[in-house]
Amino acid sequence: MAPVAFDPTLVELADSAAKQYCSSAPQLVSGAFHDAIHLARVCPTAMLFTPCRAGISHHPDEDIERTEAELAVRALASTVENVLLNVQPKG
């Protein structure tokens with residue numbers, strides 16, 4: 001399947017939120033097949049990744065630390081808050 005570009009504004013908001021909790025959080029390009037590739041065709045889309053123990057992902061042995069999950073949830077909540085603050089009312 002061809003690569004899908006995510007919404008640049010949403011990517012920037014997610015990146016900014018992630019950096020609030022981890023200043024060295026990189027922007028990643030994923031070659032994995034995610035549902036987000038389908039969403040990106042119909043609405044603004046971005047993804048937040050959480051580091052997996054030993055770098056294992058998309059496998060039954062995938063595991064993340066609780067602290068990493070908590071930071072990811074905080075970054076997601078911050079992203080949603082910033083999206084809502086940046087939405088211009090129609091009318």
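User: In this predicted model, contact means heavy atoms within 4.5 Å. Which residues does Thr 79 touch, not counting residues up to four places away in sequence?

Analyst: Thr 79 sits in helix H3. With a relative accessibility of 6%, Thr 79 counts as buried. Leaving aside residues up to four places away in sequence, Thr 79 touches Leu 10, Leu 13, Ala 14, Ala 17 and Leu 48.

User: What distance separates the C-alpha atoms of Thr 79 and Ala 14?

Analyst: Ala 14 is among the residues that Thr 79 touches. The two are 65 residues apart along the chain, and their C-alpha atoms are separated by 5.2 Å.

User: What pattern does the protein chain follow along the sequence?

Analyst: The chain contains three helices and zero strands. Among the helices are H1, residues 8-21, and H3, residues 66-86. Read along the sequence, the pattern is α-α-α.

User: What share of the contacts with a separation of 6 or more comes from residues 24 or more positions apart?

Analyst: The C-alpha trace spans about 50 × 35 × 20 Å along its principal axes. Of the 91 residues in the chain, 18% count as buried. Among contacts with a separation of 6 or more, the share from residues 24 or more positions apart is 63%.

User: Is Asp 15 buried or exposed?

Analyst: Asp 15 belongs to helix H1. The relative accessible area of Asp 15 is 13%, and buried means under 20%, so Asp 15 is buried.

User: Which side chain is joined to that of Asp 15 by a polar contact of 3.4 Å?

Analyst: Not counting residues up to four places away in sequence, Asp 15 touches Ala 25 and Gln 27. The polar contact of 3.4 Å joins the side chain of Asp 15 to that of Gln 27.

User: With which residue does Asp 15 form a salt bridge?

Analyst: Side chains of opposite charge can pair when their charged atoms come close. The closest N and O atoms are 2.9 Å apart, and the residue is Lys 19.

User: How far apart are the closest N and O atoms in the salt bridge of Arg 53 with Glu 65?

Analyst: Arg 53 is partly exposed at 41% relative accessibility, and Glu 65 is partly exposed at 40%. In the salt bridge between Arg 53 and Glu 65, the closest N and O atoms are 2.6 Å apart.

User: Where do Arg 66 and Glu 70 both lie?

Analyst: The side chains of Arg 66 and Glu 70 meet in a salt bridge of 2.8 Å, N to O. Arg 66 counts as exposed at 66% relative accessibility, whereas Glu 70 is partly exposed at 32%. The two are four residues apart, about one turn of the helix, and both lie in helix H3.

User: How many disulfides does the structure hold?

Analyst: A disulfide needs two cysteine sulfur atoms within 2.5 Å. For Cys 22, the nearest cysteine sulfur is that of Cys 52, 14 Å away, so Cys 22 is in no disulfide. The number of disulfides in the structure is zero.

User: What is the area of the nonpolar surface patch that includes Leu 76?

Analyst: Leu 76 lies in helix H3 and is partly exposed, with a relative accessible area of 47%. Leu 48, Leu 76, Val 80 and Leu 84 make the patch, and its area is about 360 Å².

Methods
Residues numbered from 1 in each chain as written. Predicted model: local features only at pLDDT ≥ 70, side-chain atom pairs only at ≥ 80, totals over all residues. Heavy atoms only, no water. Patch = residues over 30% accessible without salt bridge, like charges linked within 9 Å, V, L, I, M, F, W, Y side chains within 5 Å. Areas by Shrake-Rupley, 256 points an atom, 1.4 Å probe, with all protein chains shown as cover. Salt bridge = Lys/Arg side-chain N within 4 Å of Asp/Glu carboxyl O. Buried < 20%, exposed > 50% of the residue type's maximum accessible area, 1.4 Å probe, protein only. Polar contact = N/O pair within 3.5 Å; in protein donor to acceptor, adjacent residues only side chain to side chain.
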